[in-house]
Structure formats: structure tokens, C-alpha cells
Amino acid sequence: MNQAAFAAALLDPDLPLPLGVVDPAGRPAQRRFNIYRNSVTQGLGAALETGFPAVLALVGPAFFRAMALRFLREHPPRGRIMMLYGAEFADFIAGFAPAQGLGYLADVACLEQALRESYHAADATALPAAQLTQMSEAQLLQARFRLAPSLRLLRSDWPIGSIWAAALGFGPPPSQMRAEHVMIARKDFDPKPQVLSPEAYGFVAALERGAPLHLALAQAGQELDLGQVLALLIAADALVGVSG
């Protein structure tokens with residue numbers, strides 16, 4: 001039996017029954033294969049529904065299932081671990097013609113994939129806040145911070161943080177369709193998106209690239225509230241090391 005042909009037929013009902021799929025009497029087992037195919041398709045679809053609940057809420061079950069069916073046929077699982085299946089879903093949505101009227105949908109999927117990645121990222125011990133208070137101003141300005149492996153940053157031309165929250169009942173719909181900058185941080189194994197100002201986003205992005213604090217401040221601009229963003233990072237356990 002050719003494994004590639006078997007896998008392809010498993011996701012595409014238009015393909016013929018693979019050679020070698022027979023019942024105990026040696027007859028072609030089309031009905032049994034159809035049942036198995038349906039089980040696999042439903043399982044992969046359910047995995048996508050679990051991983052992308054806001055996308056599901058935004059388009060409704062019927063649209064989502066049709067979209068997921070197209071996706072899983074074009075992007076079958078590449079490994080045995082299913083917890084992050086759907087990594088290509090956002091890119092697929094961006095090119096999925098029936099979804100073109102929802103310009104924000106691919107970015108919402110990108111946010112949900114980042115939440116999944118954050119949840120499964122490596123653990124790291126948070127930097128004690130007291131360690132920062134013990135540093136002089138000069139030391140602090142030269143310091144380079146190491147951010148938690150679970151931290152994710154996203155920027156969208158759409159208010160994806162607000163759309164995501166509204167879709168899942170965590171907040172009101174956005175009043176304006178404008179760009180949002182989002183940080184995802186995981187505290188106590190519960191990743192959450194946080195909408196940042198453009199200045200705060202630029203500052204955290206600079207820290208993530210390894211810039212010392214004084215350069216991160218320069219890139220963020222004078223409108224940055226340093227105390228507020230540092231407090232946010234500390235509260236989210238997003239700072240896990242400092243050097244310099």
C-alpha cells in the first residue's frame with residue numbers, strides 16, 4: 001500500500017479507494033474507509049475549532065467548517081503532535097476567496113495561533129522586581145532584558161485585540177477599525193493578549209531584539225510611559241533576565 005496515496009485519499013473523497021484497503025474477505029472496503037475518512041476529517045476540523053474559537057465565532061459554524069475542510073485537504077498534519085495543528089491557517093485564510101470581505105479575519109487567526117504558541121512555549125522564571133530597584137539609573141539604561149519565551153508581539157492594520165475580545169465575549173466591539181499593537185504574555189500558564197500603544201509596542205519590540213534600555217527608549221519616543229510599560233511586563237512575568 002502506498003502511504004502517500006492512502007493519506008491523500010483519506011482527506012479527499014474524490015480520490016479512489018487506495019489499493020490494498022480490503023475487508024477480511026479480501027473485498028474492497030469502501031464503506032469502512034469512508035467511515036474512517038469521516039472520523040479523521042471531523043477530528044481535524046474539531047482541532048481547528050478548538051484552536052481558533054474567535055475565528056469560529058466571527059464566521060459561524062457552517063462557514064468555518066467549509067473553510068476548515070478546504071484547509072485540511074491542502075494542509076494535512078505533518079507530524080504526530082496535534083496541539084499546534086493549523087500553523088498555516090492564517091495564511092490560508094488570507095488567500096481564501098470567500099473570506100476576502102473580512103479583511104481582519106486572517107490577523108485574528110494569527111493572534112489565536114500566537115496564543116497557542118505562547119501556551120506551549122518553554123517555561124522561564126520571572127525576574128524579581130526587586131532586582132531592578134537595586135540597579136542604578138546608569139546600570140538600568142545600559143541593561144539588556146531577556147523576555148520570556150512565551151511572549152509574542154503582533155501588529156495589525158485592524159483592531160485584532162478588540163475584535164478577538166468581542167468575538168469571545170470578553171469586551172465590546174471596537175468603536176473604530178484602526179490598527180492595534182498586541183502583546184501576548186503568559187502568566188500562570190494563561191496567555192492573554194494586551195493591546196499596547198504604538199510607543200509601548202516599539203519599546204517591547206526593541207527589547208525583544210536585544211537593544212539596551214536606552215536605545216529601546218529612543219526608538220519608542222518621548223510619548224512612552226516607561227513606568228507603566230515596565231509594570232505591565234513585570235506583572236505579566238515577561239521579564240526573565242537582565243544583563244549589562
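The model is predicted: local features need pLDDT of at least 70, side-chain atom pairs count only at pLDDT 80 or more, and totals for chains, interfaces and linings use all residues. Residues are numbered from 1 along each chain as its sequence is written, and side-chain values use heavy atoms, with hydrogens and water left out.

## Overview

The chain has twelve helices and five strands. Both are DSSP runs numbered from the N terminus: helices are H or I with at least four residues, strands are E with at least two. Of the 244 residues, 39% are buried. Buried means under 20% relative accessible area, exposed means over 50%, and partly exposed lies in between (1.4 Å probe, protein chains only). Contact means heavy atoms within 4.5 Å. Among contacts with a separation of 6 or more, 63% are between residues 24 or more positions apart.

## The strands

An open sheet is built from three strands in the order β2-β3-β4, with antiparallel pairing. Its edge strands are β2 (152-156) and β4 (190-196), each of which pairs on one side only. From one strand to the next, the twist averages 25°. Two strands count as paired if DSSP finds at least two bridges between them.

Strand β3 spans residues 180-187 and is joined to β4 by seven bridges. Within this pairing, His181 stands opposite Leu196 of β4. Ala185 faces Lys192, also in β4. The hairpin of β3 and β4 has two residues between the strands, and Asp188 takes a positive phi near 55° there.

A second pairing involves β1 and β5. Strand β5 (residues 239-243) runs antiparallel to β1, and four bridges join the two. Arg146 has Gly241 of β5 as its bridge partner. Side chains alternate along β1 (residues 144-147).

## Helix α9

Which residues of α9 are buried? They are Ile160, Gly161, Ser162, Ile163, Trp164 and Ala165. The helix covers residues 160-167, and six of its eight residues are buried. The cover over these buried residues includes α3 (53-59) and α6 (105-120), along with β2, β3 and β4. Gly169 follows α9 and has a positive phi, near 80°.

Helix α10 (residues 198-208) lies across β2, β3 and β4 and runs at about 140° to β2. Axes are lines fitted to C-alpha atoms, for helices over the stretch in contact; angles run from 0 to 180 degrees between N-to-C directions. Two packed helices are described by the angle between their axes and the distance between the axes.

| Helix pair | Axis angle | Axis distance |
|---|---|---|
| α10 and α11 (residues 213-220) | about 150° | 8 Å |
| α10 and α12 (residues 226-235) | roughly 55° | within 11 Å |

Angles under 35 degrees count as roughly parallel, over 145 as roughly antiparallel, 65 to 115 as roughly perpendicular and the rest as oblique. Helices α10 and α11 are therefore roughly antiparallel to each other. Their crossing is right-handed. A crossing is right-handed if the near helix is turned clockwise from the far one by less than a right angle, and left-handed if anticlockwise. On the α10 side, the contact uses Glu199, Phe203, Ala206 and Leu207; on the α11 side, Leu213, Ala216, Leu217, Gln219 and Ala220. By class, this contact has seven nonpolar, one polar and one charged residues. Here Ala, Val, Leu, Ile, Met, Phe, Trp, Tyr, Cys and Pro count as nonpolar; Asp, Glu, Lys and Arg are charged; the others, Gly among them, are polar.

The angle between α10 and α12 is roughly 55°, which makes the pair oblique. This crossing is right-handed too. Ala200, Phe203, Val204 and Leu207 of α10 meet Leu226, Val229, Leu230 and Leu233 of α12. The class count is eight nonpolar, no polar and no charged residues.

Gly221 sits in the loop between α11 and α12. Is Gly221 buried or partly exposed? Its relative accessibility is 31%, so Gly221 counts as partly exposed. The C-alpha atoms of Gly221 and Phe203 are separated by 8.6 Å, with the two residues 18 apart along the chain.
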